[in-house]
Amino acid sequence: MGADIRATVEWVDARERLPEDGMPVAAATSGRYPSGSADAPHPEAGVEFWLVMPMVFSHLHFAEDGSEHHDCFIDSDRLIRLPCGRGDAYPVTHWAYLPTLPGTDEHYLRGGEARAALGDAQS
């Protein structure tokens, strides 16, 4: 029952434009692992990375400790990541809207709309 579904990804430089509030996105983030680890023999030790992760963008986010963050990306571990150029150790360099749901122009559906669209996609 595999369908040949293709999607085009338009990557946006996080320094130039940010996504809509509350939107799930694919975010390219970079950094160094381990970063600043007290166990590292040299602070610059570690391996650089650049990877894509699902995240949600928020214009205003309150962290678990109550701190307020503006225009940030939140990953599945609730780690707050800032757009590149704002001093974050794990900046988001680029982002892209996730593909739409199969057979729709929507990124998410709820309730009866979700049930109907899922039924259509599975028939």
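I will start with a strand pair: S4 and S5 run antiparallel and are joined by 2 bridges. Strands here are DSSP runs of E with at least two residues, numbered from the N terminus, and two strands pair if DSSP finds at least two bridges between them. A word on the source: this is a predicted model, where local features need pLDDT of at least 70, side-chain atom pairs count only at pLDDT 80 or more, and totals for chains, interfaces and linings use all residues. Residues are numbered from 1 along each chain as its sequence is written, and side-chain values use heavy atoms, with hydrogens and water left out.

Back to the pair. Ile74 stands opposite Ile80 in S5. The hairpin of S4 and S5 has 4 residues between the strands, and Arg78 there takes a positive phi near 65 degrees.

On to S3, residues 47–62, and S4, residues 68–75: they pair in the antiparallel sense over 7 bridges. Phe57 stands opposite Phe73 in S4. S3 and S4 also form a hairpin, with 5 residues between them, and Gly66 in the turn has a positive phi of about 90 degrees.

Buried means under 20% relative accessible area, exposed over 50%, and partly exposed in between, with a 1.4 Å probe and protein chains only.

Last, Arg81, which is in strand S5 (residues 80–81). Is Arg81 buried or exposed? Arg81 counts as buried because its relative accessibility is 7%. What does the side chain of Arg81 make a polar contact with? One partner is the side chain of Asp75, at 3.1 Å, and a polar contact of 3.1 Å also joins the side chains of Arg81 and Thr29. A polar contact is a pair of N or O atoms within 3.5 Å; within protein, one must be able to donate a hydrogen and the other to accept it, and residues adjacent in sequence count only if both atoms are side-chain atoms.
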